[in-house]
Amino acid sequence: MELKQWQHIKKRIKEGALKDMFRQTRWIYRYVRHYQFFIIIYTVIGLVGTFVGLGTSLVSKDLVDIITGHETGALLRTFCMMIGLALGNTIINQISNYISSWISLKVDSEIKADIFEQMLVTDLESIMKFHTGDLLSRWNSDAATISNGILSWVPSLIINSVKFISAFAIVIYYDPTFAIFSFIGIPFTLLMSRRIMRRMVDNNKKSAGISAKMSGFNQETFSNIQTIKAFDLIGLYVKHLKNLQQEYITMRLDFQKMSIVTSILMSLIGLVVSYSSYGWGIYRVWSGVISYGTMTMFLSLSGSLTGTLNSLISLVPTAIGLTTSAGRLMEILDMPREDFQYDKEVDTFESENKTCGISIEVKNLSYTYRTGTEVFRSVNLEAHPHEIIALVGPSGEGKTTMLRLLLALLRPLDGTIVLNGGTSGKNPITLSPSCRRLFSYVPQGNTMFSGTIAENMRNVKQDATDEDIIHALQIACAWGFVSKLPETINSPILERGGGFSEGQAQRLSIARALLRKSPILLLDEATSALDVATERKILKNVMKDEYPRTCIVTTHRPTVLNICNRVYHIENLTCHVMNETEIKEMMDSF
């Protein structure tokens, strides 16, 4: 090994490469241990198949020797034994393949389901650093790599090791000189394998990176196809795709060229080994040292030894690929998690305050994004049942951030957010992710899912009746257009709310939030696509409802401010209550 390579390896070890691989291996074992019994069965079946294969070689030797007259024996019995072993090997292979598929599918499903759940409970600000295409690539491709590798690695190591040792022992037993020819190509195989492994590690990393870029590009393109068409960007995006494809093709072909050269060289070495063994076998048969059947067996076992050794060597890049994929997943899964340990306490709190509603009190709250952007500094805010509280201010000053803080999607650096029972402040609890069940939220933009209107509604309340859905649609001023649809609430909604105008989709989103009947309703520019009259009517309907709801809205339009109980102005890190004069000036200047 070259000095530079040794120095690189030492550097990687100092940087903690081995420690990382060990940690990643332990993480993979979390999933392996659930299927240890079946992996052991798979390994045992594989070992049985190995011994059956070796037995076939020995019986084949006897059969050839009987036919050529070197030995006497029952030809028919030996022939039947060979057929029986061949059939047994076929059956074992099929059973092994079935178990392999079953374990791979089960492990793949378990890993993906677990990672899916963990991604969803990962701290929002942390996971938003990753592109959705990258997340999909890690969730799909890396999880598949691990599920396939879990089954193949340890059993393959055991099965191929036993196969190699057994075949080598048989060769030594019958004629030790053949072992020399069996190992002629091993040094070259090891040398080429090391080179392939090094290139394979680099190739895996580049391939994963480019796949993530392509996945992200495709996802964004199809999500924004209307914008691309509107700006006549079709040619540009096709060009971008072709550039990404060319980058991937170039990377793959470079690796393929190296693989072709390596394969040719290894094939040549294989031919040298095979013909050397064949020549030596002819000489040993001609000399009368061994029988023709023994020579045939040696040639078979020689190929088996070389193939088994290659299989063992290939386990190294497999292990590297496994730990690389595990590391990519752990990079996400090691991020901070949301804490849902207060679910029971929140359920009790909601039950105790069902009739009186829930108040929110923000005390001396400060927040700065991890990018360093400061948003709030010691701000205060309060909202009570049967109130509409408005948050106004210039874009980018923190209105949406405030709602994310109220939903515990973000965690304040200083200060507290407390929920109280009714307006009396009894039985207060500190805000946590578990408290989200107390909120209904309508974010900016179109947030309807593909499916029917009723399915979208029942996403938030699975036991909702058709009457419940219609009532929520009426409050949100949506029943007027839904009732005219051929299938009313069972009418389909396309992806991203397709088939409905922005205003209609907003009203459906509001109806969905109202159907949930949470004590706190957050509307983030949720009426921006509506006319002023409809916007005012919806808010009045919400507050006429007997349910003790606390409502907080963010808006750029001050035309509804006169029906709000309080208006908070957010700007320059502050949040203060506006007086009537300030509200009137804002309305007049709109």
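These are my notebook entries on what I looked up in this predicted model.

**Ground rules**

I number residues from 1 along each chain as its sequence is written, and my side-chain values use heavy atoms, with hydrogens and water left out. Since the model is predicted, local features need pLDDT of at least 70 and side-chain atom pairs count only at pLDDT 80 or more, while totals for chains, interfaces and linings use all residues.

**Entry 1: the whole protein**

I looked up the secondary structure and found 19 helices and twelve strands. Helices (H or I, at least four residues) and strands (E, at least two) are DSSP runs, numbered from the N terminus.

I then looked up burial: 44% of the 590 residues count as buried. Buried means under 20% relative accessible area, exposed over 50%, and partly exposed in between (1.4 Å probe, protein chains only).

The protein exposes about 31000 Å², and carbon and sulfur atoms supply 59% of that area. Accessible areas come from the Shrake-Rupley method with a 1.4 Å probe; for residues, only the protein chains shown count as cover.

I also looked up contacts, meaning heavy atoms within 4.5 Å. Among contacts between residues at least 6 apart in sequence, 78% join residues at least 24 apart.

**Entry 2: Ser-518 and Phe-439**

I looked up Ser-518 and found it in the loop between α17 (502-515) and β9 (520-524). Ser-518 is buried, with a relative accessible area of 3%. What does Ser-518 contact, leaving aside its neighbours within four places in sequence? The contacts are Arg-437, Leu-438, Phe-439, Ser-440, Tyr-547 and Arg-549.

With Phe-439 I noted a distance as well: its backbone oxygen lies 3.2 Å from a polar atom of the side chain of Ser-518. A polar contact is a pair of N or O atoms within 3.5 Å; within protein, one must be able to donate a hydrogen and the other to accept it, and residues adjacent in sequence count only if both atoms are side-chain atoms.

I turned to Phe-439 next, which is in strand β6. Phe-439 counts as buried, at 2% relative accessibility. Beyond four places in sequence, I listed contacts of Phe-439 including Ile-360, Leu-406, Leu-419, Arg-516 and Ile-520. Phe-439 and Leu-406 are 33 residues apart in sequence and 9.1 Å apart in space, C-alpha to C-alpha.

**Entry 3: salt bridges**

Side chains of opposite charge can pair when their charged atoms come close. A salt bridge is a side-chain nitrogen of Lys or Arg within 4 Å of a carboxyl oxygen of Asp or Glu. By this rule I have eleven salt bridges.

I looked up the pair Asp-123 and Arg-370, whose side chains meet at 2.9 Å, N to O. Asp-123 is in the loop between α4 (75-120) and α5 (124-127), and Arg-370 is in the loop between β1 (358-368) and β2 (374-383), so that the pair links distant parts of the chain, 247 residues apart. Asp-123 is buried, with a relative accessible area of 6%.

I then looked up Arg-138 and Glu-331, a salt bridge with its closest N and O atoms 3.0 Å apart. Arg-138 is in helix α6 (residues 132-174) and Glu-331 in helix α11 (residues 292-333), 193 residues apart. Are these two partners buried or exposed? Arg-138 counts as buried at 6% relative accessibility, whereas Glu-331 is partly exposed at 44%.

A further salt bridge joins the side chains of Arg-328 and Asp-142 at 2.7 Å, N to O. Arg-328 lies in helix α11 and Asp-142 in helix α6, so the pair ties together parts that are 186 residues apart in sequence. Both Arg-328 and Asp-142 are buried.

I also noted a network: salt bridges that share partners join Asp-123, Glu-125, Arg-370 and Arg-411.

**Entry 4: pocket and cavities**

I searched on a 1 Å grid over the protein atoms alone: a cavity is a set of points where a 1.4 Å probe fits but cannot get out, and a pocket is an open set with protein on both sides within 12 Å along at least five of seven lines. Lining residues have an atom within 4 Å of a point. Grid points are joined across faces, edges and corners, and a volume is the space filled by probe spheres set on the points.

The largest pocket has a volume of about 2100 Å³. Its lining has 45 residues, of which Leu-120, Leu-124, Leu-409, Tyr-441 and Phe-449 lie nearest the centre. Helix α6 gives the largest share of that lining, four residues.

I found two cavities of 30 Å³ or more. The largest cavity holds about 60 Å³ of space. Its lining includes Leu-523, Glu-535, Leu-539 and Val-553. The elements that give two or more residues to this lining are α18 (532-544) and β10 (550-554).
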